[in-house]
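Biologist: I have a new model open and would like to learn how to read it. Could you take me through it feature by feature?

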Amino acid sequence: MISRFAAKAATWDKTPHRVALGNAIATAIATNLTAGQPVLLLDYGCGTGLCSLPLARRCSALCGVGSSTGMLAQFAAKARAAGWQHVTTRHHDLCAAPLPGLEFDVVMSAMTLHHVADGPLLLQRLRALLVSGGMLALADLDAEDGSFHQDHTGVFHTGFVREWLAQQLAAAGFGHAD
């Protein structure tokens with residue numbers, strides 16, 4: 001799966017529906033950020049940054065984390081082109097190992113959870129990265145018939161039932177979900 005994303009990284013942002021989805025997710029997250037208060041933001045499964053880079057101006061630090069070196073290279077190139085020295089990337093798989101010693105005000109993950117075999121473990125690892133009172137911004141598929149993906153390689157879930165996801169979030173130590 002990782003090599004599949006690496007192969008598509010250079011053209012990922014050329015797909016209009018991906019760009020529109022990224023903008024919609026970034027806009028939704030931005031409405032939940034306190035105006036004028038810079039945040040430390042981690043984007044897990046960051047891809048090329050379609051969802052998090054639009055938020056970079058509102059961040060004192062933005063770290064894109066993922067397992068695809070190709071996607072991370074695109075993310076980093078876009079940040080460099082914008083002149084953002086406060087934006088970094090990190091190659092890491094949270095399901096393989098936690099990231100101890102790091103804390104963020106906001107942890108986001110967009111369209112990644114359905115590509116993770118052990119969703120509850122990932123939610124626990126994301127929770128461990130949040131400061132007390134921090135916010136998780138999670139965007140993924142509602143349960144569907146599998147038609148979202150033409151190729152199901154690396155797709156472990158065809159979306160999620162919201163009640164189940166709420167239970168998993170509570171078990172991972174998150175408060176209320178909106």
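This is a predicted model: local features need pLDDT of at least 70, side-chain atom pairs count only at pLDDT 80 or more; totals for chains, interfaces and linings use all residues.

Biologist: Where does Gly47 lie?

Modeller: Gly47 belongs to the loop between strand 1 and strand 2. Its C-alpha atom is 9.2 Å from that of Thr112, although 65 residues along the chain separate Gly47 and Thr112.

Biologist: Let me step back to the whole chain. In what order do the elements of the protein chain run from the N terminus on?

Modeller: The order is α-α-β-β-α-β-β-α-β-α, made up of five helices and five strands. For contacts between residues at least 6 apart in sequence, 68% join residues at least 24 apart.

Biologist: And how much of the chain is buried?

Modeller: Of its 178 residues, 44% count as buried. The chain exposes about 9200 Å², with carbon and sulfur atoms supplying 55% of that area.

Biologist: How should I think about a nonpolar core?

Modeller: The general idea is that in soluble globular proteins, nonpolar side chains tend to be buried together. Here the largest nonpolar core has 25 residues, and those touching the most other members are Ile25, Ile29, Leu41, Leu55, Leu62, Val87 and Met108.

Biologist: Which elements give two or more residues to this core?

Modeller: They are helix 2 (16-30), strand 1 (39-44), strand 2 (59-66), helix 3 (69-82), strand 4 (104-110) and strand 5 (130-139). Helix 2 gives the most, with four residues. There is also a second, separate core of 20 residues, which includes Val107, Leu113, Leu126 and Leu130.

Biologist: If I click on Leu41, which residues does Leu41 touch?

Modeller: Not counting residues up to four places away in sequence, Leu41 touches Ser52, Leu55, Cys59, Ala61, Leu62, Cys63, Phe104, Val106 and Met108.

Biologist: How do I read the two sides of a helix?

Modeller: An α-helix has 3.6 residues a turn, so residues three or four places apart point the same way. Now look at helix 5 (residues 162-171), where the buried residues are Leu165, Gln168 and Leu169. These residues are on the same side of helix 5 because they cover an arc of only 100 degrees around the axis. Glu163, Gln167 and Ala171 are exposed on the other side of helix 5.

Biologist: What do the buried residues of helix 5 pack against?

Modeller: They pack against helix 4 (119-128) and strand 5. Just after helix 5, Gly173 takes a positive phi of about 100 degrees.

Biologist: Last topic: aromatic rings. How many aromatic pairs are found in the whole structure?

Modeller: A pair of aromatic rings is described by the distance of the centres and the angle of the planes. In this structure, the search finds zero aromatic pairs. A ring can still have a charge over its face: Arg127 lies over the face of Phe174, at 5.9 Å from the ring centre.

Notes. Residues are numbered from 1 along each chain as its sequence is written. Side-chain values use heavy atoms; hydrogens and water are left out. A nonpolar core is a set of buried Ala, Val, Leu, Ile, Met, Phe, Trp, Tyr and Cys residues joined through side-chain atoms within 4.5 Å. Buried means under 20% relative accessible area, exposed over 50%, partly exposed in between (1.4 Å probe, protein chains only). Contact means heavy atoms within 4.5 Å. Accessible areas come from the Shrake-Rupley method with a 1.4 Å probe; for residues, only the protein chains shown count as cover. The arc is that of the directions from the helix axis to the C-beta atoms. Rings of Phe, Tyr and Trp (its six-membered ring) pair if their centres lie within 6.5 Å; planes under 30 degrees apart count as stacked, over 60 as edge-to-face and the rest as tilted. A charge sits over a ring if NZ of Lys or CZ of Arg is within 6 Å of the ring centre and within 35 degrees of the ring normal.
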